[in-house]
Protein chains: 2
Amino acid sequence: MNDSVRRRGRPARLSQDAILLVAQEIVESGGIDALTMRAVAERLSSSPMAIYRHVRDKDELLLLLLDRVAATLERPELPADPRQRLIVLWRFLHDELAAHPWVVGVLAGGDLAGRSILWLVEEILQAFLACGLTAEQAGAAYRTVWQYTVGVLTIRIAMARTTSDLDRPTFQTAMIAAADPGQTPAIAAFAGEWPHAFDNYDFGLNALLDGLIRRP
Amino acid sequence: MNDSVRRRGRPARLSQDAILLVAQEIVESGGIDALTMRAVAERLSSSPMAIYRHVRDKDELLLLLLDRVAATLERPELPADPRQRLIVLWRFLHDELAAHPWVVGVLAGGDLAGRSILWLVEEILQAFLACGLTAEQAGAAYRTVWQYTVGVLTIRIAMARTTSDLDRPTFQTAMIAAADPGQTPAIAAFAGEWPHAFDNYDFGLNALLDGLIRRP
DNA sequence: ACCTGAACACCGTTCAAGT
DNA sequence: ACCTGAACACCGTTCAAGT
């Protein structure tokens, strides 16, 4: 603001904010593989090493990026019924992660956290409590649905990658389609519908909630 | 066996089998990151490019490796009760994958497949059918538990990686420990026991089965 | 204080040449 | 037919030097 606090030395041309901005652009348009330190530097017309003055390493860049995305999330409208609230909250989380697939890999390394997302965790725990679970049960329930959610997204993302990269007909799908009805009748039975109906987050979510919240 | 079928040209010094053998050694001892084409070549005292005569690319090497592990699995003893059978089967799959963490990443790209593991899929589907599900329901149930299993393992593997690499106290765990009881009381409530009780495959598995198999 | 240039120690993979 | 050597097009990151 005023130049009494101006620092000594060469003035900064780059800033952490500018770095994160282009990093986000790169990752949203080109995916996580496109995000390299060199690519970030190039978009800023600087040398790769200039980045390291503003960010410790690539891992830190990813965590900062994560919090940036989390901060832009608008909180969804929540219904009064706690079971319905859980559906809305988890579906919200699922959809946001599906929209930013690169986040999943970064996030898997720890539990869902970052201070700009704690409200979501709190809401989920509160909803579980409102369903009649104890604090301990609510924690276990949260972790379980989180694990399921990561699984759904990890598989979907990995499949999108392998099927788009090359055009092999998924190899696995082909194998199941060729299943021998004599050896593996149950597999052969629905080999036809196997490839479809993969986007079934709701199905598993409901089953999981049924099991976690033992309704009377 | 006899030299009437001997081929023309320079005799092969390498073989796909030898390549897969050292590749497996490398991956089991050093993890998936240690498995590079160059490392395989070095152990065989050959040039990196010699590998490509026996394997199309690294992806194919991984898939071949996968089938090799699958082929060595011994089938577990199965109880008569279908619900118990499901527990044993999924626990078996979970434990085998946990013992070979590198497999999880390769496997996430498609559904569980590879002809040497189809028996497991078949057994699981049969057990779901024996629990009273329709063929369609059994397929959906299989996918759901598979997604959950991938999630559990993905998170555990990623956490093991980040916590061993550096020694940051998980960053996320630290944040949860510092949760403000005023803002996020539910989180603060069990912040203490958060780090423990993470190896809870059975808990989620049972909840999921409860939800999937609507018992009378 | 901030940025650059050259370099290190890696990758997977292609291509032309040797045996 | 099989293998080698050199090279290409990449990575993240360190280190010493410039402004």
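In this predicted model, a polar backbone atom of Met37(B) is 3.2 Å from a phosphate oxygen of DNA strand C. Phosphate oxygens of DNA strand C also lie by Leu14(A), through a backbone N or O atom, and by Lys58(B), through a polar side-chain atom.

| Residue | Protein atom | Distance to a phosphate oxygen of DNA strand C |
|---|---|---|
| Met37(B) | polar backbone atom | 3.2 Å |
| Leu14(A) | backbone N or O atom | 2.7 Å |
| Lys58(B) | polar side-chain atom | 3.0 Å |

Chain A itself is assigned two domains, domain 1 (3-70) and domain 2 (82-213). Each contributes 11 residues to the contact between them. About 940 Å² is buried between domain 1 and domain 2 of chain A, with 67% of that area on carbon and sulfur atoms. Across this interface there are 0 salt bridges and 2 residue pairs in polar contact, both at pLDDT 80 or more.

On the side of domain 1 of chain A that touches domain 2, helix 1 (16-30) and helix 3 (58-71) each supply at least two residues. Helix 3 of chain A gives the most, with 7 residues. That side of domain 1 divides into 8 nonpolar, no polar and 3 charged residues.

Notes. Residues are numbered from 1 along each chain as its sequence is written. Chains are lettered from A and ligands numbered from 1 in the order in which they are written. This is a predicted model: local features need pLDDT of at least 70, side-chain atom pairs count only at pLDDT 80 or more; totals for chains, interfaces and linings use all residues. Side-chain values use heavy atoms; hydrogens and water are left out. A polar contact is a pair of N or O atoms within 3.5 Å; within protein, one must be able to donate a hydrogen and the other to accept it, and residues adjacent in sequence count only if both atoms are side-chain atoms. Domain bounds come from an automatic or database domain assignment. Contact means heavy atoms within 4.5 Å. Buried area is the accessible area (1.4 Å probe) that two parts lose on being put together, summed over both. A salt bridge is a side-chain nitrogen of Lys or Arg within 4 Å of a carboxyl oxygen of Asp or Glu. Helices (H or I, at least four residues) and strands (E, at least two) are DSSP runs, numbered from the N terminus. Ala, Val, Leu, Ile, Met, Phe, Trp, Tyr, Cys and Pro count as nonpolar, Asp, Glu, Lys and Arg as charged, and the others, Gly among them, as polar.
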